[in-house]
Amino acid sequence: MAKALEGVKILDFTHVQSGPTCTQLLAWFGADVIKVERPGEGDITRGQLRDIPDADSLYFTMLNHNKRSITLDTKNPAGKAILEELVRTCDVMVENFAPGVLDRMGFSWERIQEINPRIIVASVKGFGPGPYEDCKVYENVAQCAGGAASTTGFDDGPPLVTGAQIGDSGTGLHLALGIVTALYQRTHTGRGQKVLAAMQDAVLNLCRVKLRDQQRLAHGPLKEYPQYPNGEFGDTVPRAGNASGGGQPGWILKCKGWETDPNAYIYFITQAPVWAKICDVIGKPEWVTDPDYATPVARLPRLKEIFATVEEWTMTKTKFEAMEILNQHDIPCGPILSMKELAEDQSLRETGTVVEVDHPKRGKYLSVGNPIKLSDSPTEVTRSPLLGEHTDEILSEVLGFDPQRIAELRESGALGATRRLAAE
Ligand SMILES: CC(C)(COP(=O)(O)OP(=O)(O)OC[C@H]1O[C@@H](n2cnc3c(N)ncnc32)[C@H](O)[C@@H]1OP(=O)(O)O)[C@@H](O)C(=O)NCCC(=O)NCCS
């Protein structure tokens with residue numbers, strides 16, 4: 001079956017996490033993603049957090065499926081000339097180098113446009129224009145600078161980062177949307193354009209509800225926050241623990257076995273339309289009519305006590321038992337699932353959200369597949385490339401070089417050593 005982005009050629013000049021997430025998605029949608037890597041070492045993540053000696057790390061393999069790899073020393077004049085050829089041929093160039101790197105390499109936006117006015121140049125940077133635009137940025141820096149850390153954690157503790165990679169993978173997702181949008185616009189204009197996704201901006205976009213709350217503060221306390229009614233509200237959005245952040249109060253509650261199992265918890269939402277059912281399930285039928293509990297507004301100052309009472313009930317059930325009972329009554333809730341439970345979840349395997357991939361150096365491993373399902377463009381996850389695995393293939397198929405020219409290029413040092421893993 002044809003894929004949505006079939007025929008689109010991506011010059012993937014990305015590394016680490018944010019850029020590779022983006023180009024992996026585009027590859028899953030059918031684009032031909034040509035990953036340009038530095039000879040010898042390649043993407044630094046090939047060798048980071050290694051679990052198996054001499055094999056590309058899971059860090060790398062799980063972010064670079066369905067791509068081809070070419071090694072190119074872009075500081076070598078012949079290597080630079082090949083990069084120029086790739087710019088001429090490709091539809092999109094994606095990069096997430098530190099600010100200024102592409103310019104130093106001789107590929108300013110102006111120069112790239114001269115080579116190929118149809119190309120879309122998509123970049124992840126830590127910050128947009130402003131005081132920090134020249135800074136290098138990693139995941140947690142973005143979580144801190146984008147507002148996530150100051151609003152995550154408990155009120156009496158320090159700011160917290162989250163395990164969800166909202167700075168890196170979150171920005172990669174934003175960039176992918178920018179790229180397909182620019183490709184669509186190009187169908188009318190014939191022109192390429194620059195696409196920028198700054199990590200601070202992407203994190204702030206995902207923290208939109210907290211900027212909402214910042215403005216609500218001017219009109220009184222945030223009544224769904226655990227600080228209400230006893231705590232103090234300052235002039236900035238406080239950390240809200242496990243409060244829901246939406247209009248329906250929620251909290252994480254202990255379940256049977258919590259003393260020994262760190263994930264024996266459930267997220268419980270006291271959704272207003274099912275309040276009567278909640279009261280029945282937890283054995284508090286009198287709360288349905290009691291004016292102190294009957295309405296959402298009346299419940300707000302009593303949430304702590306309400307959740308403590310619900311917890312007395314959830315502690316008598318495992319998280320899965322509680323989930324089953326609550327679902328029968330349409331009461332929104334969710335078990336706290338560990339990575340082990342997710343890895344073993346059969347339904348996620350069946351939808352392709354968790355996939356098993358085979359790799360020549362490391363054998364079988366699990367990965368997260370494409371979380372976005374298109375009915376007419378199914379995703380088949382294939383393994384990540386070895387460093388430089390497709391160098392000759394790309395030079396001949398994509399750029400039309402003959403074997404003699406490829407041999408000369410190899411002599412020149414522009415390609416480095418091929419068919420080897422980083423740090424071999
Ligand atoms: C992630 C980051 C901090 C890493 O920084 P870094 O390891 O110093 O890497 P850089 O991006 O600065 O690139 C390093 C050098 O490699 C060189 N390089 C990269 N690919 C090359 C190739 N194929 N051939 C020759 N040189 C190459 C670059 O030219 C650059 O050299 P220069 O500094 O002499 O100009 C930085 O890239 C960054 O801030 N990126 C933007 C934000 C981002 O995406 N962060 C999240 C990462 S998950």
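## Thr171 and the ground rules

Thr171 counts as buried, at 0% relative accessibility; buried here means under 20% relative accessible area, exposed means over 50%, and partly exposed is in between, using a 1.4 Å probe and protein chains only. Thr171 sits in helix H7, residues 169-189. Helices (H or I, at least four residues) and strands (E, at least two) are DSSP runs, numbered from the N terminus. The Thr171 side chain reaches the backbone oxygen of Gly167 at 2.3 Å. A polar contact is a pair of N or O atoms within 3.5 Å; within protein, one must be able to donate a hydrogen and the other to accept it, and residues adjacent in sequence count only if both atoms are side-chain atoms.

Keep in mind that this is a predicted model: local features need pLDDT of at least 70, side-chain atom pairs count only at pLDDT 80 or more, and totals for chains, interfaces and linings use all residues. Residues are numbered from 1 along each chain as its sequence is written, and side-chain values use heavy atoms, with hydrogens and water left out.

## Around the ligand

There are 23 residues around the ligand, and Arg38, Leu72, Ala98, Lys136 and Val137 come nearest (a residue is near if one of its heavy atoms lies within 4 Å). By class, that shell splits into ten nonpolar, six polar and seven charged residues. For the bookkeeping, Ala, Val, Leu, Ile, Met, Phe, Trp, Tyr, Cys and Pro count as nonpolar, Asp, Glu, Lys and Arg as charged, and the others, Gly among them, as polar.

As for polar atoms, Ser18 puts a polar side-chain atom 2.9 Å from a ligand oxygen atom. Taken alone, the ligand exposes 940 Å², and the protein buries 85% of that. Accessible areas come from the Shrake-Rupley method with a 1.4 Å probe; for residues, only the protein chains shown count as cover.

## Salt bridges

The structure holds 25 salt bridges, each being a side-chain nitrogen of Lys or Arg within 4 Å of a carboxyl oxygen of Asp or Glu. One of them pairs Arg46 with Asp56, with the closest N and O atoms 2.7 Å apart. Both partners are in the loop between strand E2 (32-37) and helix H2 (58-61), ten residues apart. Arg46 is buried at 0% relative accessible area, and Asp56 is buried at 0% as well.

Glu393 and Arg68 meet in another salt bridge, at 2.6 Å from N to O. Glu393 is in helix H16 (residues 391-398) and Arg68 in strand E3 (residues 67-71), so this pair ties together parts 325 residues apart in sequence. Glu393 is partly exposed at 32%, whereas Arg68 is buried at 12%.

Then there's Asp213 with Arg216, closest N and O atoms 2.8 Å apart. These two are about one helical turn from each other because they sit three residues apart in helix H9 (residues 208-216). Asp213 is buried at 0%, while Arg216 is partly exposed at 32%. Elsewhere, a salt-bridge network links Glu84, Glu85, Arg88, Arg111 and Glu114.

## A nonpolar patch

Leu173, Ile372 and Leu374 make a nonpolar surface patch of about 230 Å². Patches are made of residues with over 30% relative accessible area and no salt bridge: like charges are joined within 9 Å, nonpolar side chains (Val, Leu, Ile, Met, Phe, Trp, Tyr) within 5 Å. Leu374 is in the loop between strand E11 (363-368) and H16, and is partly exposed at 35% relative accessible area.
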